[in-house]
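Visitor: I am new to this structure, and I would like a close look at a single part of it. Please take me slowly through the places where charged side chains pair up.

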Amino acid sequence: LQQQLESLRKEHDEIFGRGDKNRDGEMSMREFVYLHRDAERGDEANAYDEDELKEAFSDLDKDGSESITLEEWRRPFEEHTDSWLQIADTEAQQEAQTAHYKDVFNQMDHDGDGMLNVMELQHEMDSLQRERRSAGTMRNTDQDGEDVSVVHLSGGDMMLMMDTDKNGKVTFEEYLLGGEQVAA
């Protein structure tokens, strides 16, 4: 992705260079209009009218100098690429989280059939209960000091919550959806 962005950035800079006809490092309104008209050749149906071009030029000319510098030209591109990178980062995080859940699912799938049965879910629930006991988190007290036990769900309870197609097996997709329902 980074290489693609660098390639696009270079191409974007080259377009500025084509528009800067007198090579003074700035693009005048006249050069800007010429650049657009040249790019629109053969696509007149999508051509900008004069007012749209003036507005676009004004939006780019942040310092009001009546010319666009390379930095001003780059600004919208950089703002968009930052958004793309954030989206890509979020997607990568989601993929990593899904991969983690898939690993946990596969560890629970003792018979390796790609689905969880009630016994595999029960085994997981029993393991979680043992972990809570050994960590001392099975007993809680309410505000009156009364001992309140943590609710223990059975494999059957988990099957009822996660087996959306009611076939007696939990697929990975159902596991993901069921985990969201249990957490909610």
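**Charged side chains and their partners**

Guide: In this predicted model, Glu6, Arg9 and Glu78 are linked in a network of salt bridges, a salt bridge being a side-chain nitrogen of Lys or Arg within 4 Å of a carboxyl oxygen of Asp or Glu. Side chains of opposite charge can pair when their charged atoms come close. A search of the whole structure finds eight salt bridges, and several can be followed one by one.

Residues are numbered from 1 along each chain as its sequence is written, and side-chain values use heavy atoms, with hydrogens and water left out. Because the model is predicted, local features need pLDDT of at least 70 and side-chain atom pairs count only at pLDDT 80 or more, while totals for chains, interfaces and linings use all residues.

The protein chain has seven helices and four strands (DSSP runs, H or I of at least four residues for helices and E of at least two for strands, numbered from the N terminus). In helix α2, Arg37 and Glu40 meet through their side chains, with 2.7 Å from N to O, and because these two residues are three positions apart in that helix, about one helical turn separates them. Their surroundings can be compared by relative accessible area (buried under 20%, exposed over 50%, partly exposed in between, with a 1.4 Å probe and protein chains only): Arg37 is partly exposed at 28%, whereas Glu40 is buried at 10%.

Another pair sits in helix α4, which spans residues 70-108. Here the side chains of Arg74 and Glu71 form a salt bridge at 3.1 Å, N to O, and since Arg74 and Glu71 are three residues apart in the helix, about one helical turn lies between them. Arg74 is partly exposed, with a relative accessibility of 22%.

The pairing of Lys169 with Asp113 has its closest N and O atoms 3.1 Å apart.
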